[in-house]
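Here is a briefing on one protein structure. Look at the model first, then read the points below.

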Amino acid sequence: MTIESSVEAGAEAVRQSLSTAAARNLATTTKTPPQMQGISSRWLLRMLPWVEVGGGTYRVNRRLRHTVGGGRVGFAQTGAEVRVFPPTLAELPVLHGLEDEEVLGAIAQRFVRREVAAGDVLTQQGRPVEQVVLVVHGRITKRSRGKFGTRGVVGAVADGDHLGDEALADPGSVWAYTATADTPCTVLTLERSEFAALAERSEALRERVRAHLAAAGRPQDRHGQAEIGMSAGHVGEPTLPGTFVDYELGPREYELSVAQTVLRVHSRVADLFNGPMNQVEEQLKLTVHALRERQEHELVNNRDFGLLHNADHAQRIQTRTGPPTPDDMDELISRRRSTRFILAHPKAIAAFGRECSKRGLYPDPVMLNDHAVPAWRGVPILPCGKIPVDAAGSSSILAMRVGEDDQGVVGLRQAGIPDEIEPGLNVRFMGVDDKAVISYLVSTYYSTAVLVPDALGVLENVEVARFD
């Protein structure tokens, strides 16, 4: 480049108007309120009917049930050694209520580990039940032969479930189904003869078995509740049975849980930097969002009152093949009347969509609160990212009936608390410290209750990462 041309280029580079960078000194910047990732649709909080709990405690009264236990047992693993955790053996109906740790420990020591290959048969329909089987890991399908010779699936069991516990109390029991391992399984087995030998030496164990047999012999309906005697279809003037409705003597009580945080704002920020947006209000808005997200997480996952941990054992079902199929969803919603909605992780919803597409099914969405949401059999399927997906790519799907009038699932809160800004959520001024920092206590109180067992069902071990 010649000297003349470089001089001309320099002259052209001289600015002839005000730059945008300088102009911003006199301009008003258009800005947004603070944005936040992690805010979800929170469908569970929106769909649950909320019951006002004035005294902070909600008692659920139910009819007396004679069938108890039936939960899941726990296991402890040290290297390759697996053993059952003795206190959880009380989840077996025969042992429910047994608190003698020494006896439970003795029973636990008599379980023998067994590895089962996929396709192996563990029980045979019609054969005597001679052992209890605890499933440590894997999935087992129960099949039964019908009156016309056809074979059908009657259920599946997985980690923590058990088979054959009736043998502990009834030596004459027979298997009502054939159990076949779908996957490689680890199980623990206890021979009935071992249990009988232990019972001969333990009065506490014999008393527990007698109490179980007495409860099983009492009149009860198909749900295990104390039967209400009545007569129907009679003619003439027979003597009608007398009856009464018995209640549980120790009903469950739910205390409101709490999520709290302390919001801190420096007085200089609150005084001088409040235009055009109020700093305290914006800080509070984001804090409330975070608390509501944590509230929904607790309603799903809390080990005391969370939905995943409070579903009745009889309302927990396993997928047939892993991914959530239309057959699985039919089984899930058929377990209760008036299923109001289904709650699933977005990945589980996508997996269900893939299974529908494989079969050429394209369910119509439904309108819910002015939103078009996916549905199955007219039941909305709502996303909830709080339902966990484990490292193996498995999740759970919940189906529920809601409302006190329908004996369903309800949310619990207390409205009208001091300094309330939303129902069940308040902000209390805590003062200004010697560093001129203003503090606010932000709290929300909540819980959830399942009024009757069939109000909530869970489809477990849902594989969400299979794309074959």
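Leu272 sits in helix H7, which covers residues 267-272. Helices (H or I, at least four residues) and strands (E, at least two) are DSSP runs, numbered from the N terminus. The model is predicted: local features need pLDDT of at least 70, side-chain atom pairs count only at pLDDT 80 or more, and totals for chains, interfaces and linings use all residues. Residues are numbered from 1 along each chain as its sequence is written, and side-chain values use heavy atoms, with hydrogens and water left out.

- Leu272 counts as exposed because its relative accessibility is 61%.
- The cut-offs are these: buried means under 20% relative accessible area, exposed over 50%, and partly exposed in between (1.4 Å probe, protein chains only).
- Val269, Leu272 and Phe273 make a nonpolar surface patch of about 290 Å².
- Patches are made of residues with over 30% relative accessible area and no salt bridge; like charges are joined within 9 Å, and nonpolar side chains (Val, Leu, Ile, Met, Phe, Trp, Tyr) within 5 Å.
- Accessible areas come from the Shrake-Rupley method with a 1.4 Å probe, and for residues only the protein chains shown count as cover.

**The sheet of four strands**

- An open sheet holds 4 strands in the order E5-E12-E7-E10, with antiparallel pairing.
- Strand E5 (112-116) and strand E10 (162-163) are the edge strands, and each pairs on one side only.
- Two strands pair if DSSP finds at least two bridges between them.
- Strand E7 (residues 131-137) and E10 run antiparallel and are joined by 2 bridges.
- Which residue in E10 is the bridge partner of Val133? The partner is Leu163.
- Helix H5 (residues 192-201) packs on this sheet and touches E7 and strand E12 (185-191).
- The direction of H5 makes about 45° with that of E12.
- Contact means heavy atoms within 4.5 Å.
- Axes are lines fitted to C-alpha atoms, for helices over the stretch in contact, and angles run from 0 to 180 degrees between N-to-C directions.

**The sheet of six strands**

- Another open sheet has 6 strands in the order E15-E26-E21-E16-E20-E19, and its pairing is mixed.
- Strand E15 (316-318) and strand E19 (375-376) stand at the edges with a single partner strand each, so one side of each has no neighbour in the sheet.
- E19 pairs with strand E20 (residues 379-383) over 2 bridges, in the antiparallel sense.
- Ala375 has Pro380 as its bridge partner in E20.
- Helix H10 (residues 326-333) packs on the sheet; among the strands it touches are E15, strand E16 (341-344) and strand E26 (456-463).
- The direction of H10 makes about 160° with that of E26.
- Helix H11 (residues 346-358) lies across E16, E19, E20, E21 and E26, and runs at about 135° to E20.

**Salt bridges**

- The whole structure has 27 salt bridges.
- A salt bridge is a side-chain nitrogen of Lys or Arg within 4 Å of a carboxyl oxygen of Asp or Glu.
- Arg72 and Glu460 form one, at 2.3 Å from N to O.
- Arg72 lies in the loop between strand E2 (57-60) and strand E3 (75-78), and Glu460 lies in strand E26, so this pair ties together parts that are 388 residues apart in sequence.
- Arg72 is partly exposed, at 26% relative accessible area.
- Is Glu460 buried or exposed? Glu460 counts as buried, at 9% relative accessibility.
- Glu460 also meets Arg316 in a salt bridge, at 2.8 Å from N to O.
- Arg316 lies in strand E15 and Glu460 in strand E26, so the pair ties together parts 144 residues apart in sequence.
- Arg316 counts as buried, at 17% relative accessibility.
- Arg206 and Glu203 meet at 2.5 Å, N to O, in a salt bridge.
- These two are about one helical turn apart because they are 3 residues apart in helix H6 (residues 203-217).
- Arg42, Glu293, Glu296 and Lys386 are linked in a network of salt bridges.

**A buried tyrosine**

- Tyr254 lies in strand E13 (residues 252-255).
- Tyr254 is buried, with a relative accessible area of 6%.
- The C-alpha atoms of Tyr254 and Arg59 are separated by 6.3 Å, though the residues are 195 apart along the chain.
- Leaving aside neighbours within four places in sequence, Tyr254 contacts residues including Gly56, Tyr58, Phe305, Leu412 and Val450.
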